[in-house]
Amino acid sequence: MSVGLPLEAPTVSGPEEGPERSDFWVYLARKIGAAIVSFVMLLVVGFVIFSLMPSDPVSALTRGRPTSDAQMNHLRQQLGLDHPLWERFLTFVGHTLTGDLGYSYEYHQPVSTLIADRLWPTLLLMGTSTLISIWLGMWLGIRAGWRPGSALDRGASAVSLALWSVPTFWLGLILLVVFGSGSVGGMPAIFPAGGMQTHGTAGGLAPSHITDVAWHLVLPCLTLVAVIFAQYVTIMRSSIIDERGNPYLLTARAKGLRDEVVRRKHAVPNALLPSVTVIFLQIGGMIGGAITVEVVYSWPGLGYLTFTALRIPDLQLLEGTFIVFSAAVIVCNLIADLLYRALDPRVRRQ
Amino acid sequence: MSAPEQSPARETPVVEKAPSRLVPVGRFVVTVLRMPSGLFGVLVMLAFVLMAVCAPLFIHPSDLSVTQATGPLLSAPQHGYPLGTDPAGRSVLLLVIWGSRTSLAIGVMATALTMVLGAGIGLIAGHYQGRTGRLLMHVTDWFIALPSLPLAIALAAVLGQGATSITIAIGVTSWTGTARLVRAQTLAVEARPFIERARALGATDTQLITRQVLPNVMPLILVSSTLTVASAILSEATLTFLGLGDPTSVSWGSLLNNAFMQGAVTAGAWWYLIPPGIAILIIVLGFTLVGRAVEHALNARVSPR
Amino acid sequence: MTLNEGPTRGLRRRRSVAALAAAALAAAAMMAGQLAGTSAQAADPTTLTVQADTQMTTFNPFLSYYDGELNILGAIYPTLTMLDDTGTPEKYLADSWTTSSDQLTWTFKIHPGLKWSDGEPLTAADAAWTFNLIMHNATAATSNGSLVANFKSVTAPDATTLVIKTKQPQANMLYLSVPVSGIPIVPEHIWKSHVSGLKNYRNMDFPVVGYGPFVLTGFKTNQFAEMTANKDFFLGAPHYDKVVTNYYSNSDAAAAALTSGELDQIGGLTPAQFNAMSSKSNVMTYQTQSSGWTAIEINPGAKTRTGKPLGTGNPILSDIRVRQAIALGVNRPELVKKVLDGNGIVGAGYLPPGYPQFFWKPSPSQSLDYDPARAKQLLDQAGYKMGSNGVRVAPDGKPLEFRLGIHSDDATDAAIAPYLKEWMTAIGIKLTVNAMSFDQLNNDLAKGDWDILMDGWSTGPDPTYLLSIQTCGTLPEDNGSNGNTDAFFCNKKYDRLYAQQQTQFDAQARAATIAKMQSILYAGNADLILFYKNGLDALRTDQVSDYLQGAKQSDGFYPLQHGFASWWKAQPAAGAASASEKASEQSSNAFKWIGLGVLVVLVIGGVVVLLRRRTAAERE
């Protein structure tokens, strides 16, 4: 899914709700309550969607193998696929809350194990990309917003717009062909054609392993950054533009401070406050980008796992990744709500 | 989107009707076209739509036919094939032009679905501000929490691959933004006195919504829909690339999916990989610029700075 | 006036410079480490590194079905017999065998004095235990259950004798326990304790106790499996010390790894990749004959075991003339040329060319080669007149419109579908293509809710199972369950011949019976075999030799290969890590050094510019 470029810096569902605004703990309790309700609804929707599919894991288990139909039937009975719907839902909820997300017949492993294995690569990819995008977005957005209409501002907007209009996976494909395949022109493959590490290298924290993973991370990270940094530019830019109108900055300038200092020491810190919460909100949008990047580069993370689960499809695995992704977004939104409240004294005092 | 401010000249006494839209529309279009980005965007939009609609006039079934393709298999641009050939020997240029039809069609239909869902829910939530409204907003907020691509993948896995499920998946995952915007705008519009007067005069809810609120919300929906088309085209390409679309129909996403699955990367078939992406880039850029220009024009008209 | 700007600004400048320097150093270290890493990695001559055919998820031989797993199981567990280059069984664990006069009792002499890798003796008792488990435990029957369906009892009267009694004479006994495609023998003393939890046991306690040319010593999900050579293997030690099979989820990455020297051999290339690899230095690309086929199956009238019609298949297709017309309307050589880029063999017979002893071709008079004129004539004569919109109409008014179901994740299916659609349009039949998931397609198949489906199978050297799925016995019961049929084909004569070939111990007689069966299938037109796709592989001639088993055939393709035999017999190429390899390594390294240099220059330049900007502000 394309990451949505907002028309403006998106607003958190803040001041327009509810009468009480002074008690932080009540706010916290309400937000956590809402998050829990969201999570329960998520479980219901997830269960409903994935129960609609007729599936026969036994035929998937034994496909192409010389298994007689009597044996397949016996296996079906063994797997207990014939309980009533409501019973299965309760079992499903109970299992999910205790961390049992089902069993993947494709991989012969519990879904939670598979997800736990793939969590780190996705976190690494998304985390690195977010950090770089924030840094780049800040650098560019602040300077662009400080002088709206300048060449830098217009240039930054143009580049951001162009990069947002490009499909993430296509950008990844192009980078892969040019830098990773060694098949275009005479250019050899500078970066790997996919994967997270060279097979056979030592694992863990060995320096060669770290550099190996970093080398594999370059292209996927570059692709993801190219597409998402535009959002951070927009956010920082509009924050700075909002800040610029503030009277206290006039005072600072009247004091004789140089423009750059006014910007760096006074405007930016205040502009950053709301931006921080927005970063957490953007994570939900970044998941789609991360999935496509992982697929193009065969990066062994949760996104790639979701993609491979589509094949048969492996419904338990799809359900598991869907729940994990959605729960992550719920948690991030919760953090954003809390940060918004905690960081910005102006909101608190309303 | 900032709520349009009222200027005193707007208030007319006695009977309130939604002001006629015809004359301002003409001026509005000119405003949009005066902006270079707006002009570029509109030209691109028209060019692609024209190309998609007229494609059957200059592309014969034999150009798209695999059994009648006579070109060399997966070869670089050469005489007669300006953008090279695909693995079946067909001209990539003609395929890209033909692919615009499916991509645009799905983009537009998904947008229509999004608009109907989003605007409908937004209008209702904004109008009925009691329990119904709050409930709808909770549902919207909760939907926003669902990450769009995993949800689309889940839907497509369940509904089965194909253009219909992609359209539904895009619609289901995109309506929340529109709903929120429309609701905010509805609230703003309903705060105006002429709504109160119409209510006092005995207008029913349906009449209020369709005759008073909707025309005022329409510009916002317009802007939103151009931007949604852009985003829907991107989503269609992504979902088809991931294999959730109909593999036998020609669309930009399926061309790229084909290229990826058939090893175009190792073969270095840049002529097969680059054109569909460039096409997507240009058309999305076009729609986005038009949307932005329309938004600026609306803002400039309503609250002149 | 700036009061405290000076020292702060200087401090900030120093911090930025320091940060940039640190970044440059990190980048340099990263590239240096990478260069060091790759050159060390690529040139280990005693390890054979190949691409895994598929992903590997479990090494439990009772549950496995992925080729990547089966190849490994074939190398780490022994079997009663193994197959030579021509596909004929020869001795492995069993030194010799005899059959009783009524052909119902087989007595195998197990090679004495062998020990499992943990030192325990390897005896006939282990073999008996393995077979009995599959016979009596439903979970254990998942992978290979039907292979022992005809066994009455399996006993081991002493450590070197294995006695198998069958219910009917079983001609293919020597194919049942062969590496990769048959039943591997597992150590009873290890597996006894895992029977109760068999479903969840993945057999990943390394080193895995087994016997064979290799021992499984490591595995990482979706990455690699690692085996160490067993130098005491009684049939000859492997030449390599280690074998590593790497899994690449994307064949482009695998191709890149072969080019850079990380891999010695890869398989499963697409035609486009195959062509691209052919031009690379030190890379030999080769094609291997197929062990399977790609086909379309046509619903001949789905029925249950008792003859009750089942499902929503279009009844027009039960008319054999329509199916024949479809066969005449498909240009199979064109499919091989365009879809496979010539890398395959035109389809006809039911058993693939990888097994030459069973490969059958129809006679010229029987053959339904591409002839659209004849197809149209046939349809006209049968009463299916051309309608006004180009679609033929049956006598009862129903149009000849059929659904074609394809696998949504299969690139070849998607490539073939447009051809079929166009060829059918040319003879007046309309095809609607539906892409479906694997599950959904199988679901529809089992219920009879299909007209035409893409179909594909492969087989081991014994074709019994593949032949069985066309028998009437695999039709489902009236309630739709318990079916295992491939295309709802049912022919009494075919069933009789099937029963007969199971008891024919004479290889030639059996082959003749099977040939007759293939003839019946061909005439039945329920499965239209489109082509046998060749395996498209490549290897590094400068790194490995003797990997390919068997000689090139007259059609330019190599015989079917087995991972097990290739890994065992391959050896490092003479002068591996030779000068030419080092040179190409060095040139690609050179580019990396250049890139590194450019990076450093840019960073230094950036630092200088920054410094000047800061001091310029001061200088104002």
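Student: Which residue forms a salt bridge with Glu226(C), and how many Å apart are the closest N and O atoms?

Tutor: The partner is Lys242(C), and the closest N and O atoms of the two are 3.6 Å apart. Keep in mind that this is a predicted model. With a cut-off of 4 Å between a side-chain nitrogen of Lys or Arg and a carboxyl oxygen of Asp or Glu, the pair counts as a salt bridge. It links distant parts of the chain: Glu226(C) sits in strand E9 (residues 224-229) of chain C, while Lys242(C) is in strand E10 (residues 242-246) of chain C, and the two residues are 16 residues apart. Over all chains, the rule gives 12 salt bridges.

Now, what about the place where two chains meet?

Let's go back to chain C and look at a pair of helices. Helix H8 (residues 320-329) of chain C packs against helix H10 (residues 372-381) of chain C at an angle of about 165 degrees, with the axes 8 Å apart. Angles over 145 degrees count as roughly antiparallel, and H8(C) and H10(C) are therefore roughly antiparallel to each other. Their crossing is left-handed. On the H8(C) side you'll find Arg321(C), Val322(C), Gln324(C), Ala325(C), Leu328(C) and Gly329(C), which meet Pro372(C), Arg374(C), Ala375(C), Leu378(C) and Leu379(C) in H10(C). Sort that contact by class and you get seven nonpolar, two polar and two charged residues.

The peptide bond from Phe206(C) to Pro207(C) is cis, with omega near -10 degrees. You can find Pro207(C) in the loop between helix H5 (188-191) and strand E8 (214-220) of chain C. Another spot is Gln103(C), where phi is near 60 degrees, a positive value in a residue other than glycine. That residue lies in the loop between strand E4 (94-99) and strand E5 (105-110) of chain C.

Over in chain B, follow helix H9 (residues 205-241), which has two helix partners to look at. With helix H10 (residues 252-261) of chain B, the axes come within 7 Å and cross at roughly 30 degrees. That makes H9(B) roughly parallel to H10(B). Here the crossing is right-handed. From H9(B), the contact uses Ile233(B), Ala237(B), Thr240(B) and Phe241(B); from H10(B), it uses Trp252(B), Gly253(B), Ser254(B), Leu256(B), Asn257(B) and Phe260(B). By class, this contact has six nonpolar, four polar and no charged residues.

The other partner is helix H8 (residues 193-200) of chain B, whose axis comes within 11 Å of the H9(B) axis and crosses at roughly 170 degrees. H8(B) and H9(B) are therefore roughly antiparallel to each other. Phe194(B), Ile195(B), Ala198(B) and Arg199(B) of H8(B) make this contact with Leu208(B), Gln212(B), Val213(B) and Asn216(B) of H9(B). Its classes come out as five nonpolar, two polar and one charged.

Technical notes. Residues numbered from 1 in each chain as written. Chains lettered and ligands numbered in written order. Predicted model: local features only at pLDDT ≥ 70, side-chain atom pairs only at ≥ 80, totals over all residues. Heavy atoms only, no water. Axes fitted to C-alpha atoms, helices over the stretch in contact; angles between N-to-C directions. Helix = DSSP H or I, 4+ residues; strand = E, 2+ residues; numbered from the N terminus. Parallel < 35°, antiparallel > 145°, perpendicular 65-115°, else oblique. Left-handed = near helix turned anticlockwise from the far one by under 90°. Contact = heavy atoms within 4.5 Å. Nonpolar A, V, L, I, M, F, W, Y, C, P; charged D, E, K, R; others polar.
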